[in-house]
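Open your viewer and get your selection tool ready. We will go from stop to stop, picking residues and looking at what surrounds them.

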Amino acid sequence: MKAQRLGWGGQEREGHEQVERRTIGAAALAVGAVGLGCMPMSWAYSASQQRGDESLRAVHRALDLGSTLLDTADMYGPFTNELLVGRVLKERRADAFVSTKAGLLVGEQHIVANGRPGYVKRACDASLRRLQTDVIDLYQLHRADPEVPVEETWGAMAELVQAGKVRALGLCAVGARAGRRPGTRLHDTTIRQLERVQQVFPVSAVEAELSVWSPEALEALLPWCEARGVGFLAAMPLGNGFLTGTLTPGEGFESDDMRARHPRFTAEMMAANQPIVAGLRRVAARHGDEVTPAQVALAWVLAQGRHVVPVPGSKRERWVTENTGAAALRLTAEDLAEVAQLPAAQGSWD
């Protein structure tokens, strides 16, 4: 993969070029084409692999490379992820585009939604303190509260924009596959919510899973966003690490790692889905020895539309550098056709 190696102001920088910019929503909020999901630094993955100083270096590296979108949430930790990101923002707020989320409360053994307007406003103030900033660029509703009309929650979030505490609003997709009714599409519930909140205040971005092995958003959700100028943040674009080709079937995961309970990460299913990784390797090989399956997977997401920004999670400088480099990889029509012909992933994702 050939890429110019330019930094801010056109100055040479070691490593990859500053990534291309993409815009989110009608407000044309500019971000680097590849974002950084901060969740793995303090939540959902093996706690023994979480190292604060290393994670801080990863965030700084992302900003150095122009990967400006930092995606976090108050529930990650809970709270510790925002605190970590805040340590970077204290020094480099002007370099970053901050996305955080509210609406979920973490208990000892459960997670519950809270969309009450008063709670959402208090949660925003708390996030601002932890993030050490006076404004959140993108404030997302993590989940709608079934006990509160989503219009009420969204109205409270709109008031935060009017108060100058938030610049734009986003909605995270409802991802439950197992609970949907026969004959309905995965994202039908999310689209209904979007239609409702759009009547209250503009939606600038939707965050939902999209990857080579989980392409369901292409069916209806992505077209909905494109038709309305809404940005699309592609969560889990590397399939929780599977599409990087660095995981070994049967190696297992620590008990606190969410993949230890995911059906697609059993030894049997990981082995069955290896042809997907093999296909990504074949495409990568056509672009040079330094191109990786992960970069092909991210480039595929980027190729789905100019309003799409993949947000791969990472906690290591090495992976941040590799992921950001995907923005310079242009897949050919042949590449995209080969990826389209890869076998569908086996195993439930619920």
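Start by selecting R282: at 45% relative accessibility, this residue counts as partly exposed (buried means under 20% relative accessible area, exposed over 50%, partly exposed in between, with a 1.4 Å probe and protein chains only). E338 lies in helix α11 and R282 in helix α8, so the pair ties together parts that are 56 residues apart in sequence. E338 itself counts as buried at 19%.

A word on what you have loaded: this is a predicted model, where local features need pLDDT of at least 70 and side-chain atom pairs count only at pLDDT 80 or more, while totals for chains, interfaces and linings use all residues. Residues are numbered from 1 along each chain as its sequence is written, and side-chain values use heavy atoms, leaving out hydrogens and water. Helices (H or I, at least four residues) and strands (E, at least two) are DSSP runs, numbered from the N terminus.

Next, pick R167 and D137, joined by a salt bridge of 2.3 Å, N to O. Strand β9 (residues 166-172) holds R167 and strand β8 (residues 136-141) holds D137, so this pair links parts 30 residues apart in sequence. Which of the two is buried? D137 is, with a relative accessible area of 5%, whereas R167 is partly exposed at 48%.

Now move to R92 and D64, another salt bridge, with the closest N and O atoms 2.9 Å apart. R92 sits in helix α2 (residues 80-92) and D64 in helix α1 (residues 52-64), so parts 28 residues apart in sequence are tied together.

Show what surrounds it, and you will find its buried residues packing against elements including β1 (21-24), β11 (231-235) and α10 (317-325).

Last stop: S314, in the loop between β12 and α10. This residue is buried, at 4% relative accessible area. A polar atom of its side chain lies 3.4 Å from the backbone oxygen of R316. Beyond its neighbours within four places in sequence, S314 is in contact (heavy atoms within 4.5 Å) with residues including L36, M41 and W319.

Terms used: Polar contact = N/O pair within 3.5 Å; in protein donor to acceptor, adjacent residues only side chain to side chain. Salt bridge = Lys/Arg side-chain N within 4 Å of Asp/Glu carboxyl O.
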